[in-house]
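Subject: Structure handover

Hi,

Here is the structure I promised to pass on. My notes follow below it.

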Amino acid sequence: MTSPSPSPHSGSPAPRRFPVVVVGAGPAGLTVGNILRSAGVDCLVLEAESREFIERRPRAGVIEEWAVRGLERRGLAGSLLERAERHAECEFRFDGQGYRFSYTEMTGRHHWVYPQPLLVSDLVREYADVRGGEIRFGVRDVALHDLDSDRPSVSYTDPDSGERLLVHCDFVAGCDGARGASRAALPERARISRHDYGIGWLALLAEAPPSSDCVLFGMHPAGFAGHMARSPELTRYYLQCPPGDDPDDWSHERVWKELQRRLRAADRPPLTEGRLVEKRVLDMHNYVVEPMVFGRLFLAGDAAHLVAPIAAKGMNLALNDAFLLGDGLVAHLTKGDSTGLDGYSEACLRRVWDYEEFSEWLSEIYHGTSYDDPYRSGTTLARLRRLFTSPAAAAAFAEQYLGTADAF
Ligand SMILES: Cc1cc2nc3c(=O)[nH]c(=O)nc-3n(C[C@H](O)[C@H](O)[C@H](O)COP(=O)(O)OP(=O)(O)OC[C@H]3O[C@@H](n4cnc5c(N)ncnc54)[C@H](O)[C@@H]3O)c2cc1C
(Lines give C-alpha, C1' and ligand atoms only; values in the text may rest on other atoms or scores of the structure.)
Protein backbone atom coordinates (compact mmCIF):
# COMPACT_ATOMS: atom_id res chain seq x y z
CA MET A 1 0.00 0.00 0.00
CA THR A 2 2.76 2.46 0.95
CA SER A 3 4.83 3.48 -2.08
CA PRO A 4 8.29 5.01 -1.84
CA SER A 5 7.98 8.81 -1.86
CA PRO A 6 10.21 10.91 -4.04
CA SER A 7 12.25 13.10 -1.69
CA PRO A 8 13.47 16.61 -2.37
CA HIS A 9 16.95 16.54 -3.88
CA SER A 10 19.82 18.42 -2.35
CA GLY A 11 20.32 21.85 -3.79
CA SER A 12 16.59 22.66 -3.65
CA PRO A 13 15.62 26.06 -2.29
CA ALA A 14 15.30 26.28 1.52
CA PRO A 15 12.15 24.54 2.74
CA ARG A 16 9.19 26.73 3.59
CA ARG A 17 6.93 26.20 6.56
CA PHE A 18 3.14 26.41 6.95
CA PRO A 19 0.95 25.23 9.83
CA VAL A 20 -1.15 23.27 7.32
CA VAL A 21 -0.53 21.97 3.80
CA VAL A 22 -3.75 21.08 1.98
CA VAL A 23 -3.27 18.64 -0.89
CA GLY A 24 -6.01 18.99 -3.52
CA ALA A 25 -8.22 21.94 -4.48
CA GLY A 26 -11.59 20.23 -4.78
CA PRO A 27 -14.60 21.12 -2.62
CA ALA A 28 -12.97 19.51 0.45
CA GLY A 29 -9.52 21.12 0.19
CA LEU A 30 -10.78 24.58 -0.75
CA THR A 31 -13.31 24.60 2.09
CA VAL A 32 -10.62 23.62 4.61
CA GLY A 33 -8.34 26.33 3.16
CA ASN A 34 -11.06 28.97 3.44
CA ILE A 35 -11.86 28.08 7.06
CA LEU A 36 -8.18 28.30 7.97
CA ARG A 37 -7.68 31.61 6.19
CA SER A 38 -10.70 33.23 7.77
CA ALA A 39 -9.26 32.35 11.20
CA GLY A 40 -5.89 33.82 10.20
CA VAL A 41 -4.16 30.41 9.96
CA ASP A 42 -1.65 30.21 7.11
CA CYS A 43 -1.82 27.29 4.76
CA LEU A 44 -0.62 26.21 1.35
CA VAL A 45 -2.93 24.45 -1.08
CA LEU A 46 -1.24 22.22 -3.67
CA GLU A 47 -3.27 21.28 -6.76
CA ALA A 48 -2.17 19.04 -9.63
CA GLU A 49 -4.41 20.66 -12.26
CA SER A 50 -4.69 24.24 -13.52
CA ARG A 51 -7.19 26.74 -12.11
CA GLU A 52 -9.08 26.79 -15.43
CA PHE A 53 -9.38 23.01 -15.38
CA ILE A 54 -10.79 22.69 -11.85
CA GLU A 55 -13.21 25.57 -12.47
CA ARG A 56 -14.68 23.68 -15.42
CA ARG A 57 -14.58 20.03 -14.32
CA PRO A 58 -18.21 18.85 -14.32
CA ARG A 59 -19.34 16.46 -11.60
CA ALA A 60 -21.83 17.01 -8.78
CA GLY A 61 -24.84 19.27 -8.65
CA VAL A 62 -27.06 18.30 -5.75
CA ILE A 63 -26.17 19.86 -2.40
CA GLU A 64 -28.01 19.13 0.82
CA GLU A 65 -29.51 21.91 2.89
CA TRP A 66 -27.28 21.35 5.94
CA ALA A 67 -24.20 21.59 3.68
CA VAL A 68 -25.40 24.90 2.22
CA ARG A 69 -26.03 26.23 5.75
CA GLY A 70 -22.52 25.06 6.72
CA LEU A 71 -21.03 26.99 3.80
CA GLU A 72 -23.18 30.02 4.61
CA ARG A 73 -22.04 30.08 8.26
CA ARG A 74 -18.45 30.22 7.00
CA GLY A 75 -19.13 33.02 4.51
CA LEU A 76 -18.86 30.69 1.50
CA ALA A 77 -22.39 30.53 0.10
CA GLY A 78 -23.00 34.06 -1.25
CA SER A 79 -23.15 33.19 -4.97
CA LEU A 80 -24.73 29.82 -4.32
CA LEU A 81 -27.66 31.36 -2.43
CA GLU A 82 -28.18 33.87 -5.26
CA ARG A 83 -27.92 31.42 -8.15
CA ALA A 84 -28.76 27.89 -7.01
CA GLU A 85 -32.15 26.36 -7.61
CA ARG A 86 -34.16 24.72 -4.87
CA HIS A 87 -35.70 21.35 -5.57
CA ALA A 88 -38.73 20.07 -3.67
CA GLU A 89 -39.57 16.80 -5.44
CA CYS A 90 -38.14 13.86 -7.30
CA GLU A 91 -39.94 11.51 -9.64
CA PHE A 92 -39.69 7.74 -9.97
CA ARG A 93 -40.64 6.38 -13.40
CA PHE A 94 -41.46 2.71 -13.76
CA ASP A 95 -44.03 0.57 -15.54
CA GLY A 96 -44.57 3.48 -17.95
CA GLN A 97 -45.84 5.83 -15.20
CA GLY A 98 -44.33 8.77 -13.29
CA TYR A 99 -44.67 8.90 -9.51
CA ARG A 100 -43.84 12.22 -7.83
CA PHE A 101 -42.23 12.13 -4.40
CA SER A 102 -42.70 15.53 -2.71
CA TYR A 103 -40.09 15.52 0.01
CA THR A 104 -40.38 19.22 0.80
CA GLU A 105 -44.13 18.96 1.32
CA MET A 106 -43.42 16.12 3.74
CA THR A 107 -40.44 17.58 5.63
CA GLY A 108 -40.23 21.31 4.88
CA ARG A 109 -36.64 20.64 3.65
CA HIS A 110 -35.28 20.82 0.12
CA HIS A 111 -32.25 20.11 -2.06
CA TRP A 112 -30.12 22.78 -3.72
CA VAL A 113 -28.89 22.34 -7.27
CA TYR A 114 -25.59 24.13 -7.95
CA PRO A 115 -23.01 22.70 -10.37
CA GLN A 116 -19.75 21.68 -8.72
CA PRO A 117 -17.61 23.82 -11.09
CA LEU A 118 -19.48 26.93 -9.89
CA LEU A 119 -18.94 25.99 -6.25
CA VAL A 120 -15.25 25.26 -6.88
CA SER A 121 -14.88 28.63 -8.70
CA ASP A 122 -16.52 30.43 -5.76
CA LEU A 123 -14.26 28.66 -3.26
CA VAL A 124 -11.04 29.35 -5.22
CA ARG A 125 -11.93 33.01 -5.65
CA GLU A 126 -12.72 33.41 -1.96
CA TYR A 127 -9.59 31.54 -0.84
CA ALA A 128 -7.02 33.00 -3.23
CA ASP A 129 -8.41 36.37 -4.33
CA VAL A 130 -10.38 37.50 -1.26
CA ARG A 131 -8.80 35.80 1.77
CA GLY A 132 -5.26 35.93 0.35
CA GLY A 133 -4.58 32.21 0.65
CA GLU A 134 -1.57 30.71 -1.12
CA ILE A 135 -2.23 28.08 -3.76
CA ARG A 136 0.03 26.37 -6.31
CA PHE A 137 -1.62 24.94 -9.41
CA GLY A 138 -0.13 22.34 -11.72
CA VAL A 139 2.22 20.82 -9.14
CA ARG A 140 3.66 17.40 -9.97
CA ASP A 141 4.76 14.32 -8.03
CA VAL A 142 3.40 15.42 -4.67
CA ALA A 143 4.76 13.21 -1.89
CA LEU A 144 4.02 13.18 1.83
CA HIS A 145 6.79 12.53 4.36
CA ASP A 146 7.18 11.74 8.07
CA LEU A 147 3.46 11.70 8.76
CA ASP A 148 3.95 9.79 12.01
CA SER A 149 6.34 12.43 13.34
CA ASP A 150 5.46 15.89 14.66
CA ARG A 151 7.41 17.40 11.74
CA PRO A 152 5.64 16.12 8.61
CA SER A 153 6.44 17.61 5.24
CA VAL A 154 5.21 17.62 1.68
CA SER A 155 7.39 17.78 -1.42
CA TYR A 156 6.42 18.52 -5.00
CA THR A 157 7.87 19.50 -8.33
CA ASP A 158 7.28 23.12 -9.21
CA PRO A 159 5.64 23.36 -12.65
CA ASP A 160 7.52 26.54 -13.66
CA SER A 161 11.05 25.89 -12.48
CA GLY A 162 10.98 22.07 -12.45
CA GLU A 163 12.59 22.27 -9.00
CA ARG A 164 11.72 19.84 -6.25
CA LEU A 165 10.40 21.88 -3.32
CA LEU A 166 9.87 20.92 0.30
CA VAL A 167 7.31 22.37 2.70
CA HIS A 168 7.37 21.61 6.42
CA CYS A 169 4.10 21.75 8.30
CA ASP A 170 2.25 20.68 11.45
CA PHE A 171 -0.61 18.98 9.62
CA VAL A 172 -1.37 17.66 6.15
CA ALA A 173 -4.98 17.79 4.97
CA GLY A 174 -5.26 15.01 2.39
CA CYS A 175 -8.05 16.25 0.12
CA ASP A 176 -6.76 14.99 -3.23
CA GLY A 177 -9.51 12.59 -4.16
CA ALA A 178 -9.55 8.94 -5.09
CA ARG A 179 -6.21 8.75 -6.90
CA GLY A 180 -4.09 11.33 -5.12
CA ALA A 181 -0.86 11.33 -3.16
CA SER A 182 -2.66 10.98 0.19
CA ARG A 183 -4.11 7.60 -0.68
CA ALA A 184 -0.71 6.52 -2.00
CA ALA A 185 0.81 7.46 1.38
CA LEU A 186 -1.57 5.38 3.50
CA PRO A 187 0.26 3.07 5.88
CA GLU A 188 -0.34 -0.69 6.09
CA ARG A 189 -2.58 -0.19 9.13
CA ALA A 190 -5.23 1.62 7.05
CA ARG A 191 -8.35 -0.50 6.59
CA ILE A 192 -9.96 -0.05 3.19
CA SER A 193 -13.45 -1.51 2.75
CA ARG A 194 -14.68 -1.67 -0.82
CA HIS A 195 -17.99 -2.50 -2.41
CA ASP A 196 -18.38 -3.10 -6.14
CA TYR A 197 -21.88 -2.82 -7.59
CA GLY A 198 -20.94 -4.88 -10.64
CA ILE A 199 -22.52 -2.33 -12.96
CA GLY A 200 -21.44 0.72 -14.93
CA TRP A 201 -23.10 4.07 -15.46
CA LEU A 202 -22.64 6.06 -18.61
CA ALA A 203 -22.39 9.59 -17.18
CA LEU A 204 -23.58 12.17 -19.69
CA LEU A 205 -23.78 15.92 -19.74
CA ALA A 206 -26.13 17.32 -22.35
CA GLU A 207 -26.34 20.85 -23.69
CA ALA A 208 -30.09 20.70 -23.26
CA PRO A 209 -32.47 22.33 -20.81
CA PRO A 210 -33.82 20.03 -18.10
CA SER A 211 -36.85 18.05 -19.25
CA SER A 212 -38.51 18.19 -15.85
CA ASP A 213 -38.51 20.51 -12.84
CA CYS A 214 -37.11 17.69 -10.70
CA VAL A 215 -34.71 14.76 -10.62
CA LEU A 216 -36.02 11.72 -12.53
CA PHE A 217 -35.16 8.11 -11.71
CA GLY A 218 -36.12 5.64 -14.44
CA MET A 219 -36.35 1.98 -13.45
CA HIS A 220 -36.53 -0.15 -16.58
CA PRO A 221 -35.83 -3.79 -17.50
CA ALA A 222 -33.11 -2.47 -19.86
CA GLY A 223 -31.42 -0.69 -16.94
CA PHE A 224 -31.58 2.48 -14.88
CA ALA A 225 -31.68 5.97 -16.39
CA GLY A 226 -31.41 9.25 -14.47
CA HIS A 227 -32.09 12.90 -15.24
CA MET A 228 -30.67 15.71 -13.08
CA ALA A 229 -30.88 19.41 -13.86
CA ARG A 230 -27.59 21.26 -13.64
CA SER A 231 -28.56 24.69 -15.04
CA PRO A 232 -31.17 26.10 -17.45
CA GLU A 233 -28.88 25.03 -20.32
CA LEU A 234 -27.27 21.84 -19.00
CA THR A 235 -28.66 18.50 -17.85
CA ARG A 236 -26.87 15.49 -16.44
CA TYR A 237 -28.12 12.08 -17.54
CA TYR A 238 -27.08 8.59 -16.53
CA LEU A 239 -27.59 5.25 -18.27
CA GLN A 240 -26.83 1.94 -16.61
CA CYS A 241 -24.43 -0.09 -18.78
CA PRO A 242 -22.02 -2.98 -18.33
CA PRO A 243 -18.95 -2.03 -16.27
CA GLY A 244 -16.00 -1.17 -18.49
CA ASP A 245 -18.26 -0.37 -21.45
CA ASP A 246 -16.66 1.82 -24.10
CA PRO A 247 -18.30 5.28 -24.21
CA ASP A 248 -17.52 5.41 -27.95
CA ASP A 249 -20.01 2.59 -28.44
CA TRP A 250 -22.71 5.01 -27.28
CA SER A 251 -23.50 7.20 -30.27
CA HIS A 252 -25.65 10.32 -29.91
CA GLU A 253 -28.60 8.44 -31.45
CA ARG A 254 -28.17 5.37 -29.22
CA VAL A 255 -27.92 7.51 -26.06
CA TRP A 256 -31.09 9.51 -26.75
CA LYS A 257 -33.07 6.47 -27.91
CA GLU A 258 -32.19 4.66 -24.69
CA LEU A 259 -32.86 7.70 -22.47
CA GLN A 260 -36.25 8.28 -24.12
CA ARG A 261 -37.13 4.61 -23.69
CA ARG A 262 -36.03 4.20 -20.07
CA LEU A 263 -37.47 7.53 -18.88
CA ARG A 264 -40.74 7.36 -20.82
CA ALA A 265 -43.91 7.87 -18.76
CA ALA A 266 -47.53 8.42 -19.71
CA ASP A 267 -48.62 12.09 -19.62
CA ARG A 268 -45.01 13.29 -19.63
CA PRO A 269 -43.41 14.96 -22.67
CA PRO A 270 -40.37 13.32 -24.30
CA LEU A 271 -36.94 14.50 -23.15
CA THR A 272 -35.46 17.60 -24.75
CA GLU A 273 -32.38 16.38 -26.61
CA GLY A 274 -29.09 18.21 -27.09
CA ARG A 275 -25.39 17.84 -27.83
CA LEU A 276 -23.54 15.51 -25.44
CA VAL A 277 -20.58 17.39 -23.98
CA GLU A 278 -19.46 14.68 -21.53
CA LYS A 279 -19.72 10.94 -22.00
CA ARG A 280 -17.80 8.57 -19.73
CA VAL A 281 -18.35 5.24 -18.07
CA LEU A 282 -18.14 5.04 -14.28
CA ASP A 283 -17.51 1.59 -12.80
CA MET A 284 -19.77 1.92 -9.82
CA HIS A 285 -18.04 1.24 -6.52
CA ASN A 286 -17.71 2.59 -3.02
CA TYR A 287 -14.84 2.49 -0.54
CA VAL A 288 -14.14 3.73 2.97
CA VAL A 289 -10.70 4.26 4.53
CA GLU A 290 -10.61 3.80 8.29
CA PRO A 291 -9.59 5.61 10.32
CA MET A 292 -9.41 8.91 8.48
CA VAL A 293 -6.34 10.07 10.44
CA PHE A 294 -2.81 8.66 10.24
CA GLY A 295 -0.38 10.57 12.44
CA ARG A 296 -0.44 14.13 11.08
CA LEU A 297 -2.35 13.21 7.90
CA PHE A 298 -6.08 14.01 8.04
CA LEU A 299 -8.02 12.68 5.06
CA ALA A 300 -11.14 14.45 3.80
CA GLY A 301 -13.60 13.85 0.98
CA ASP A 302 -13.04 11.31 -1.78
CA ALA A 303 -9.51 10.67 -0.50
CA ALA A 304 -11.16 8.99 2.50
CA HIS A 305 -14.35 7.57 1.04
CA LEU A 306 -15.97 7.19 -2.32
CA VAL A 307 -19.66 6.82 -2.78
CA ALA A 308 -20.87 6.13 -6.33
CA PRO A 309 -23.13 8.98 -7.53
CA ILE A 310 -26.27 6.87 -6.94
CA ALA A 311 -27.61 9.09 -4.17
CA ALA A 312 -25.65 12.28 -4.99
CA LYS A 313 -23.81 12.16 -1.67
CA GLY A 314 -20.05 12.42 -2.40
CA MET A 315 -19.64 16.19 -2.42
CA ASN A 316 -21.90 16.51 0.60
CA LEU A 317 -19.68 14.13 2.53
CA ALA A 318 -16.59 16.03 1.36
CA LEU A 319 -18.09 19.26 2.71
CA ASN A 320 -19.02 17.65 6.03
CA ASP A 321 -15.43 16.41 6.47
CA ALA A 322 -14.07 19.84 5.50
CA PHE A 323 -16.22 21.68 8.05
CA LEU A 324 -15.13 19.32 10.84
CA LEU A 325 -11.47 19.33 9.79
CA GLY A 326 -11.26 23.10 9.21
CA ASP A 327 -12.91 23.87 12.55
CA GLY A 328 -10.81 21.24 14.35
CA LEU A 329 -7.53 22.60 12.94
CA VAL A 330 -8.48 26.18 13.81
CA ALA A 331 -9.40 25.22 17.40
CA HIS A 332 -6.13 23.33 17.80
CA LEU A 333 -3.84 25.87 16.15
CA THR A 334 -5.37 29.01 17.67
CA LYS A 335 -6.61 27.83 21.08
CA GLY A 336 -4.77 24.59 21.76
CA ASP A 337 -8.11 22.75 21.89
CA SER A 338 -7.67 19.37 20.23
CA THR A 339 -11.16 17.99 20.89
CA GLY A 340 -12.28 18.43 17.28
CA LEU A 341 -9.18 16.80 15.80
CA ASP A 342 -9.31 13.92 18.31
CA GLY A 343 -12.91 13.11 17.39
CA TYR A 344 -12.57 13.93 13.69
CA SER A 345 -12.44 10.46 12.19
CA GLU A 346 -15.28 9.06 14.27
CA ALA A 347 -17.51 12.08 13.67
CA CYS A 348 -17.02 11.94 9.88
CA LEU A 349 -17.43 8.18 9.62
CA ARG A 350 -20.89 8.22 11.22
CA ARG A 351 -22.32 10.17 8.28
CA VAL A 352 -20.09 8.33 5.77
CA TRP A 353 -21.38 4.88 6.71
CA ASP A 354 -24.96 6.10 6.84
CA TYR A 355 -24.69 7.48 3.29
CA GLU A 356 -22.87 4.37 2.07
CA GLU A 357 -25.72 2.22 3.34
CA PHE A 358 -28.34 4.48 1.73
CA SER A 359 -26.50 4.26 -1.60
CA GLU A 360 -26.60 0.49 -1.47
CA TRP A 361 -30.29 0.50 -0.59
CA LEU A 362 -31.10 2.93 -3.38
CA SER A 363 -28.98 0.97 -5.84
CA GLU A 364 -31.33 -1.99 -5.49
CA ILE A 365 -34.28 0.29 -6.28
CA TYR A 366 -32.53 1.68 -9.37
CA HIS A 367 -31.13 -1.54 -10.75
CA GLY A 368 -33.24 -4.36 -9.29
CA THR A 369 -35.57 -4.63 -12.29
CA SER A 370 -32.70 -4.92 -14.80
CA TYR A 371 -31.26 -8.34 -13.93
CA ASP A 372 -33.79 -10.45 -15.83
CA ASP A 373 -34.63 -11.99 -12.45
CA PRO A 374 -38.38 -11.94 -11.74
CA TYR A 375 -37.85 -12.45 -8.00
CA ARG A 376 -35.50 -9.45 -7.74
CA SER A 377 -37.85 -7.34 -9.90
CA GLY A 378 -40.75 -8.27 -7.64
CA THR A 379 -38.99 -7.21 -4.44
CA THR A 380 -37.70 -4.01 -6.09
CA LEU A 381 -41.17 -2.99 -7.21
CA ALA A 382 -42.53 -3.78 -3.74
CA ARG A 383 -39.87 -1.51 -2.24
CA LEU A 384 -40.80 1.24 -4.70
CA ARG A 385 -44.54 0.95 -4.14
CA ARG A 386 -43.98 1.13 -0.39
CA LEU A 387 -42.58 4.66 -0.80
CA PHE A 388 -45.98 5.73 -2.14
CA THR A 389 -48.22 3.72 0.19
CA SER A 390 -46.51 3.79 3.59
CA PRO A 391 -46.00 7.20 5.25
CA ALA A 392 -43.35 5.67 7.54
CA ALA A 393 -41.36 4.30 4.57
CA ALA A 394 -41.73 7.64 2.76
CA ALA A 395 -40.52 9.58 5.81
CA ALA A 396 -37.49 7.30 6.21
CA PHE A 397 -36.61 7.73 2.53
CA ALA A 398 -36.98 11.53 2.69
CA GLU A 399 -34.73 11.72 5.76
CA GLN A 400 -31.97 9.74 4.09
CA TYR A 401 -32.33 11.39 0.69
CA LEU A 402 -32.06 14.84 2.28
CA GLY A 403 -29.46 13.82 4.89
CA THR A 404 -31.49 15.35 7.69
CA ALA A 405 -31.18 12.70 10.41
CA ASP A 406 -30.23 14.22 13.77
CA ALA A 407 -27.93 11.35 14.65
CA PHE A 408 -24.90 12.93 12.99
C1 LIG B 1 -20.50 12.06 -12.55
C2 LIG B 1 -20.49 12.42 -11.10
C3 LIG B 1 -21.61 13.03 -10.51
C4 LIG B 1 -21.62 13.35 -9.17
N5 LIG B 1 -22.73 13.94 -8.61
C6 LIG B 1 -22.76 14.27 -7.30
C7 LIG B 1 -23.86 14.98 -6.71
O8 LIG B 1 -24.83 15.33 -7.37
N9 LIG B 1 -23.80 15.30 -5.38
C10 LIG B 1 -22.71 14.96 -4.63
O11 LIG B 1 -22.71 15.24 -3.41
N12 LIG B 1 -21.62 14.34 -5.16
C13 LIG B 1 -21.61 13.99 -6.46
N14 LIG B 1 -20.50 13.42 -7.03
C15 LIG B 1 -19.30 13.18 -6.20
C16 LIG B 1 -18.45 14.45 -6.03
O17 LIG B 1 -18.13 15.00 -7.30
C18 LIG B 1 -17.17 14.12 -5.28
O19 LIG B 1 -17.49 13.37 -4.15
C20 LIG B 1 -16.41 15.40 -4.87
O21 LIG B 1 -15.77 15.98 -5.98
C22 LIG B 1 -15.36 15.11 -3.80
O23 LIG B 1 -14.67 16.28 -3.50
P24 LIG B 1 -13.15 16.21 -3.01
O25 LIG B 1 -12.74 17.61 -2.75
O26 LIG B 1 -13.04 15.21 -1.94
O27 LIG B 1 -12.36 15.57 -4.23
P28 LIG B 1 -12.14 16.10 -5.72
O29 LIG B 1 -13.27 16.93 -6.15
O30 LIG B 1 -11.77 14.89 -6.51
O31 LIG B 1 -10.88 17.05 -5.59
C32 LIG B 1 -9.57 16.53 -5.40
C33 LIG B 1 -8.58 17.49 -6.02
O34 LIG B 1 -7.27 16.99 -5.81
C35 LIG B 1 -6.53 17.13 -7.02
N36 LIG B 1 -5.46 16.13 -6.99
C37 LIG B 1 -5.55 14.81 -7.31
N38 LIG B 1 -4.36 14.22 -7.14
C39 LIG B 1 -3.52 15.17 -6.70
C40 LIG B 1 -2.14 15.17 -6.30
N41 LIG B 1 -1.41 14.05 -6.35
N42 LIG B 1 -1.59 16.33 -5.90
C43 LIG B 1 -2.33 17.47 -5.82
N44 LIG B 1 -3.63 17.53 -6.19
C45 LIG B 1 -4.21 16.39 -6.60
C46 LIG B 1 -7.55 16.93 -8.13
O47 LIG B 1 -7.14 17.51 -9.35
C48 LIG B 1 -8.77 17.63 -7.54
O49 LIG B 1 -8.83 18.99 -7.88
C50 LIG B 1 -20.47 13.08 -8.38
C51 LIG B 1 -19.33 12.49 -8.97
C52 LIG B 1 -19.34 12.16 -10.30
C53 LIG B 1 -18.09 11.53 -10.90
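This is a predicted model: local features need pLDDT of at least 70, side-chain atom pairs count only at pLDDT 80 or more; totals for chains, interfaces and linings use all residues.

Domain 1 puts 18 residues into the contact, and domain 2 puts in 17 residues.

Now the area. The size of an interface is often given as the accessible area lost when the parts come together. Here domain 1 and domain 2 bury about 1,600 Å² between them. Carbon and sulfur atoms account for 54% of that. On the domain 1 side, Glu65, Pro309 and Ile310 lose the most area to domain 2. Together they make up 32% of what that side buries.

What holds across the interface in polar terms? The rule finds 6 residue pairs in polar contact between domain 1 and domain 2, both residues at pLDDT 80 or more. It finds 0 salt bridges across the same interface.

Which elements supply the domain 1 side? β3 (62-64), α3 (65-73) and β16 (275-290) each give two or more residues to the side that touches domain 2. β3 has the largest share, with 3 residues. By class, this side of domain 1 has 12 nonpolar, 2 polar and 4 charged residues.

Best wishes

Conventions:
Residues are numbered from 1 along each chain as its sequence is written. Side-chain values use heavy atoms; hydrogens and water are left out. Contact means heavy atoms within 4.5 Å. Buried area is the accessible area (1.4 Å probe) that two parts lose on being put together, summed over both. A salt bridge is a side-chain nitrogen of Lys or Arg within 4 Å of a carboxyl oxygen of Asp or Glu. A polar contact is a pair of N or O atoms within 3.5 Å; within protein, one must be able to donate a hydrogen and the other to accept it, and residues adjacent in sequence count only if both atoms are side-chain atoms. Helices (H or I, at least four residues) and strands (E, at least two) are DSSP runs, numbered from the N terminus. Ala, Val, Leu, Ile, Met, Phe, Trp, Tyr, Cys and Pro count as nonpolar, Asp, Glu, Lys and Arg as charged, and the others, Gly among them, as polar.
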